[in-house]
Each structure stands twice: as structure tokens, then as C-alpha cells.
Amino acid sequence: MNTLLKDKNILIMGVANKWSIAWGIAEEFNKAGANLAFTYQGERSLANIEKLTKDMKKVKIIECDVTQDEDIKNAFDELKEDFDVLHGVVHCIAHAKKEELAGKYMDTSREGYHMAQDISAYSLVVVTKYAKELMVEGGSIVTLSYLGAERAIKNYNVMGVAKAALEASTRYLAADLGKENIRVNAISAGPVKTLAAKGVSDFSKLMKEFEERVPLGRIVDAREVGGTAVFLCSNLSSGITGEVIHVDGGFSIVG
Ligand code: NAD
């Protein structure tokens, strides 16, 4: 337990189940004393979040499909009923069709490209727009990226291109909102076995190769990503915005 985020109101978007990186992040935010709210997509995620948070102090859980502008607007309207001010948002949302996460990138369909960009990159833009209205004391927005934004990683394909757009959006949003003391940063996490990761063809092979070469010699877990997210939403990181911080055991530094 620490007090880094005591009395801070934080929205966490993207818990699907206990393996979600967003859940590892939520646990660290809870330990840091934050008041938490969650958005979810789908009834199964709702049931999982209700179960996972049953021992936490009161949390608000709101449905939000980020492909629908109206849903995002309604989610923030509902959030306002409990939080008159918002201090942080953690955006842990991505999706691409399974068939786009295998084979050659050049075979990406137009529809698959648009879907990956819409859910995984554009959603941060709309979420930031609504979050800003509630961040009247300044704030911090954190999103999750992956090395596939910087390098051509086998099978990651259209999601790598969406992550590149997400990282660029992080910089543009940071430039838009800096004067309002709202910071926007991304964490580029190492591979973690989650529902979304299972969609990437040969993900187990990718994990094995990672473990063989990563400087720390082990997989990084969701709570370690959570620790960095706590840092990015706390005053300890008050001078950082528009950054992409690797939480990947050092994998990005090896060739
Ligand atoms: P996950 O499957 O647990 O989480 C993905 C979330 O996205 C789910 O909660 C899902 O409901 C949500 N989502 C998908 N479409 C949505 C929509 N239309 N509206 C609202 N929510 C929607 O998987 P995860 O790996 O924890 O993914 C979280 C984030 O971390 C993603 O951005 C992912 O790209 C990123 N990431 C994952 C890894 C990894 O190896 N798992 C590595 C680096 C970055």
C-alpha cells in the first residue's frame, strides 16, 4: 500500500478478465489509494469486473463500446455522476480481426485496417476529448502500445500499424493538452498472455523468443506495467508528456 494516488479519481478502460493488463494496472492503482471506475465491453467482462472488484472500495462500472461516439459520451456523462473531477484515464483497448494477425501485412483488408485503427488508435482521441472536460485540475492519460509500432514483428501486422498511429496520437494529444496540465503518455509493454494476445498467430513462439533474448531474462507481468502506469498518473512524473516508455525487460534495446 502507498499513497501516490490517494483521493485521485481514475478511469480504467479495458478489463476483460483477470489476465487483462488493465486488471494488473487496476490492482496497482488500488494499492496506491486511487478511487476507481471501469468501462467494459460485453456482459462477460462486466461479470468478471464485478467479481474481481468485490473487495475494493466502491467502484463505478460503465458499459462502453469505443466504436460508438454516443457510448463514449454516455460513459463520461455517467462517470460525472460519481466523479466531479477526473485525474487519470488508463486506455487498454485494442482489437483486430484474428485473420489479420497472421501471414503477410500486405494482405490486410480495407475493413480490417479500418477496424484496427478505429478501436485501437482513434478511440484514444475521442476518449481524451471527453476526459479533458472532467480533468479540471489537470490530469494524466496513459495508453498501452507494443514494440510492433516500431518494428515489423511477424504476424502483428495491422495492429503494429495501429500502434504506430496510437503512439503518434499520444504525441499530438500531449501537444494539444500540455497547457492545461493534462499529460498523455504510452507504455510499450512486453508480451503478456491475455485474451487479445491469443489473437496473434504463434504468440507462444513470440513469447519464447522474447524470453531467450530479453535482458532481464524473464517475462514482464501486468503488475509491473501497472507500477509504471501509477507513476505516470502520479506527481512523480509531472514533467513527462508525449513519451512512450518501454516496460519490456529491456527487449527493445537488443537487436
Ligand atoms: P485484453 O483482451 O485483456 O484487453 C483488451 C480489451 O480491449 C478488452 O477488455 C476488450 O473488451 C477491449 N475492447 C476491444 N474492443 C473494444 C471496443 N470496441 N470497445 C471497448 N473495448 C474494447 O488484452 P490485453 O493484452 O490486456 O490488452 C490491453 C492493451 O494492452 C491493448 O491495447 C493491447 O494492445 C496492449 N498490449 C498488450 C500486450 C500483450 O502482450 N498482451 C503487449 C503490449 C500492449
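Let me open with the largest nonpolar core of this predicted model. This core has 34 residues, and the members that touch the most others are Ile 12, Ile 25, Phe 29, Leu 36, Phe 38 and Val 225. Two or more residues each come from strands β1 (9–13), β2 (35–40), β5 (139–145) and β6 (182–189), and from helices α1 (21–31), α2 (43–52) and α8 (222–233).

Leaving aside residues up to four places away in sequence, Val 225 touches Ile 21, Ile 25, Leu 144, Ile 187, Ala 189, Val 220 and Val 247.

Seven strands form an open sheet with parallel pairing, in the order β3-β2-β1-β4-β5-β6-β7. The edges are held by β3 (60–63) and β7 (244–247); each has a single partner strand, so one side of each lacks a neighbour in the sheet. On average, neighbouring strands are turned by 20° against each other, direction ignored.

Phe 38, which I named among the core residues, stands opposite Ile 61 in β3.

Finally, the helices that lie across the sheet strands. Helix α2 lies across β2 and β3, and runs at about 160° to β2. Helix α4, residues 110–134, lies across β1, β4 (88–91), β5 and β6, with an angle of about 170° to β4.

Notes:
Residues are numbered from 1 along each chain as its sequence is written. This is a predicted model: local features need pLDDT of at least 70, side-chain atom pairs count only at pLDDT 80 or more; totals for chains, interfaces and linings use all residues. Side-chain values use heavy atoms; hydrogens and water are left out. A nonpolar core is a set of buried Ala, Val, Leu, Ile, Met, Phe, Trp, Tyr and Cys residues joined through side-chain atoms within 4.5 Å. Buried means under 20% relative accessible area, exposed over 50%, partly exposed in between (1.4 Å probe, protein chains only). Helices (H or I, at least four residues) and strands (E, at least two) are DSSP runs, numbered from the N terminus. Contact means heavy atoms within 4.5 Å. Two strands pair if DSSP finds at least two bridges between them. Axes are lines fitted to C-alpha atoms, for helices over the stretch in contact, and angles run from 0 to 180 degrees between N-to-C directions.
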